[in-house]
Amino acid sequence: MTPEFERPLGDLAAGEVALCVQPSGQRIVDALPESAFQNLLVVTTDGHLRQLEARIEERGGDPRRVGVVPVTGTEVSYDGPLWVADRVAPSDLTGVSIQFSKAFEHVEPETGWVVVDGVGVLSMYVSGERLFRLLDTLVSAIRARNAHGVLTTAEGVLGEQAATQLRGLADEKVQLD
């Protein structure tokens, strides 16, 4: 069942990046506009790709148009329509960057969407400085391609300094209920 909240990201323009703060356990795909499912790349710390596939289908999206870079410490066993990059450990930001770069080639200018889901989880594995450098690189790529970008974190996970830095990368902050 889709949570009953407005889809506030529908107004996000190409080349802009939003920071979404959401309650723990909520899926960011529920807040994306339908147009995002035409060309979507998700960098996620959640290895439950069947659940992601199901949420995309429930929203009317075609999982074959969604790429995923799984960033998790556990093996990912998935054989389905989502395009899935090699799994990367959360502490391996170089690996994340490499897999992102490969997958990002398929993100279309103007219409493509990139979601980095689980920034707070990544902050548990690497220093704030290293994480900020990675996110700054990803955001720069999103802007250069004139795609739509979304960075997500669960509410209350990041410290004040990290939260301030993250807000500095985004054009707007969206609080999901």
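Reader: Let's begin with Glu-110: in which loop does Glu-110 lie?

Author: This is a predicted model, by the way. Glu-110 lies in the loop that runs between helix 2 and strand 5.

Reader: What makes Glu-110 "partly exposed"?

Author: The relative accessible area of Glu-110 is 47%. Buried needs a value under 20% and exposed one over 50%, with partly exposed in between. So Glu-110, at 47%, gets the label partly exposed.

Reader: And what is the phi of Glu-110 near?

Author: Phi of Glu-110 is near 75°, a positive value, and the residue is something other than glycine. Asn-146 has a positive phi too, about 60°, and is not a glycine either.

Reader: Where is Asn-146 found, and why is Asn-146 called partly exposed?

Author: Look at the loop between helix 4 and strand 6 (148-154). The relative accessible area of Asn-146 is 24%. Buried would need under 20%, so 24% puts Asn-146 in the partly exposed class.

Reader: Why does Gln-22 count as buried?

Author: Its relative accessibility is 5%, which is under 20%, so Gln-22 counts as buried. You'll find Gln-22 in strand 1. Leaving out neighbours within four places in sequence, Gln-22 is in contact with residues including Arg-27, Asp-117, Thr-152, Glu-155 and Leu-176.

Reader: What makes a group of residues a "nonpolar core"?

Author: The members have to be buried residues of the listed nonpolar kinds, joined through side-chain atoms within 4.5 Å. The largest such core here has 33 residues, and Leu-41, Val-114, Val-116, Leu-135, Leu-151 and Leu-166 touch the most other members. Elements giving two or more residues to this core include strand 1 (17-22), strand 2 (40-44), helix 4 (128-145) and helix 5 (160-169). Helix 4 gives the largest share, six residues.

Reader: Which residues is Val-116 in contact with, leaving aside neighbours within four places in sequence?

Author: They are Val-43, Leu-135, Leu-138, Val-150, Leu-151 and Thr-152. Apart from this core lies another one, of 24 residues, among them Leu-12, Ile-28, Leu-49 and Val-66.

Reader: Zooming out, how many helices and strands does the chain have?

Author: There are five helices and seven strands. Along the sequence they follow the pattern β-β-α-β-β-α-β-α-α-β-α-β.

Reader: How do you know that the chain agrees with a compact globule?

Author: A compact globule of 177 residues would have a radius of gyration near 16 Å, and the chain has 15 Å, so the two agree. As for the inside, 49% of the 177 residues count as buried. And of the contacts between residues at least 6 apart in sequence, 74% join residues at least 24 apart.

Reader: Last one: how many positive and negative side chains are there?

Author: The chain has 15 positive and 26 negative side chains, and the centres of these two sets lie 4 Å apart.

Notes
Residues numbered from 1 in each chain as written. Predicted model: local features only at pLDDT ≥ 70, side-chain atom pairs only at ≥ 80, totals over all residues. Heavy atoms only, no water. Buried < 20%, exposed > 50% of the residue type's maximum accessible area, 1.4 Å probe, protein only. Helix = DSSP H or I, 4+ residues; strand = E, 2+ residues; numbered from the N terminus. Contact = heavy atoms within 4.5 Å. Rg over C-alpha atoms; globule rule 2.2 N^0.38 Å. Lys, Arg positive; Asp, Glu negative; His and termini not counted. Charge placed at Lys NZ, Arg CZ, Asp CG, Glu CD.
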